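Reader: I'd like to learn how to read a few features in a model like this one. Could you walk me through them?

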Amino acid sequence: FFSAVMMASTVNVPPAQSSSSLSLQSTALPQRSSATLPQEMASASAAMAITTMMFNPFDVIKVRLQTQATLNSTEQIYCGFQHAARTIIREEGLRGVWTPGLVASTMCDVINGGLRMGLYPTVKHVLSTAMHGGVDDVSFRLKLLSGALTGALGSFVGTPTDIVKIRFQAEAGILSPDGVYLTGLYRGTRPMYMNTFDALRRIHAQSGFAGLYKGAVPNMVRAS
């Protein structure tokens, strides 16, 4: 969707054009980028990966606050965003806000971004060709539809890693030599998973594909 909005805002029409040139433009094939589809997807994935690495701390704090509200506990460890950030950094250092769920989060956004933004030009071109017989269509409606389709697809494919990311960010903390959490929301318990791939394997073993794609529909609606 945001790709569609950005593309719509950058359409420029030259100030002076003859009627014949406008007629030629209306029947021309859609102009496409010189980049290949793999290049577009790789560029989008790289951009999303960098963004994820920069802003993961905000995601960690958000997930901790959201998870705390669902726990049946009388103790409130985090009281708002600033207090949560200070508490996590004091107890766990910068690693406590930067690294939890980072691998799964990067995987999720590499997949999501590659499909959402990387496929956008190709999907827009295919839809324009199919709907208008090769006539160039630069309407906002087509761009919005293309962005919605690629956004929903990227979100659906990335749902399993998004679930794993949230679980890691929610339970993260400092571990004792015995492998028990000393800090965080799950202090006194052991980690549920060894790593991202172990989490994917165990969720699938316990709940099947339904467990891996739980919440996919709301995610798709939001992403589209």
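Author: Gladly! Let's start with a definition: a salt bridge is a side-chain nitrogen of Lys or Arg within 4 Å of a carboxyl oxygen of Asp or Glu. Keep in mind that this is a predicted model.

Reader: How many salt bridges does a search of the whole structure find?

Author: The general idea is that side chains of opposite charge can pair when their charged atoms come close. Here the search turns up 7 salt bridges. One of the pairs to look at is D59 with K165, whose side chains meet at 2.9 Å, N to O. D59 belongs to helix 3 and K165 to helix 8, so this pair ties together parts that lie 106 residues apart in sequence.

Reader: At what angle do the axes of helix 3 and helix 8 cross?

Author: In general, two packed helices are described by the angle between their axes and the distance between the axes. For helix 3 and helix 8 (residues 140-171), the axes come within 8 Å and cross at roughly 75°. Angles of 65 to 115 degrees count as roughly perpendicular, so helix 3 is roughly perpendicular to helix 8.

Reader: Which residues make the contact?

Author: Helix 3 supplies N56, D59, V60, V63, R64 and T67, while helix 8 supplies K165, I166, Q169 and A170. By type, the residues of this contact divide into 4 nonpolar, 3 polar and 3 charged.

Reader: And which residues form the nonpolar patch on the surface?

Author: That patch is formed by I50, M54, F55, F58 and F81, with about 520 Å² of accessible area together. Its largest share, 4 residues, comes from helix 3 (residues 37-70), and I50 lies in that helix.

Note on methods
Residues are numbered from 1 along each chain as its sequence is written. This is a predicted model: local features need pLDDT of at least 70, side-chain atom pairs count only at pLDDT 80 or more; totals for chains, interfaces and linings use all residues. Side-chain values use heavy atoms; hydrogens and water are left out. Patches are made of residues with over 30% relative accessible area and no salt bridge: like charges are joined within 9 Å, nonpolar side chains (Val, Leu, Ile, Met, Phe, Trp, Tyr) within 5 Å. Accessible areas come from the Shrake-Rupley method with a 1.4 Å probe; for residues, only the protein chains shown count as cover. Helices (H or I, at least four residues) and strands (E, at least two) are DSSP runs, numbered from the N terminus. Axes are lines fitted to C-alpha atoms, for helices over the stretch in contact, and angles run from 0 to 180 degrees between N-to-C directions. Angles under 35 degrees count as roughly parallel, over 145 as roughly antiparallel, 65 to 115 as roughly perpendicular and the rest as oblique. Contact means heavy atoms within 4.5 Å. Ala, Val, Leu, Ile, Met, Phe, Trp, Tyr, Cys and Pro count as nonpolar, Asp, Glu, Lys and Arg as charged, and the others, Gly among them, as polar.
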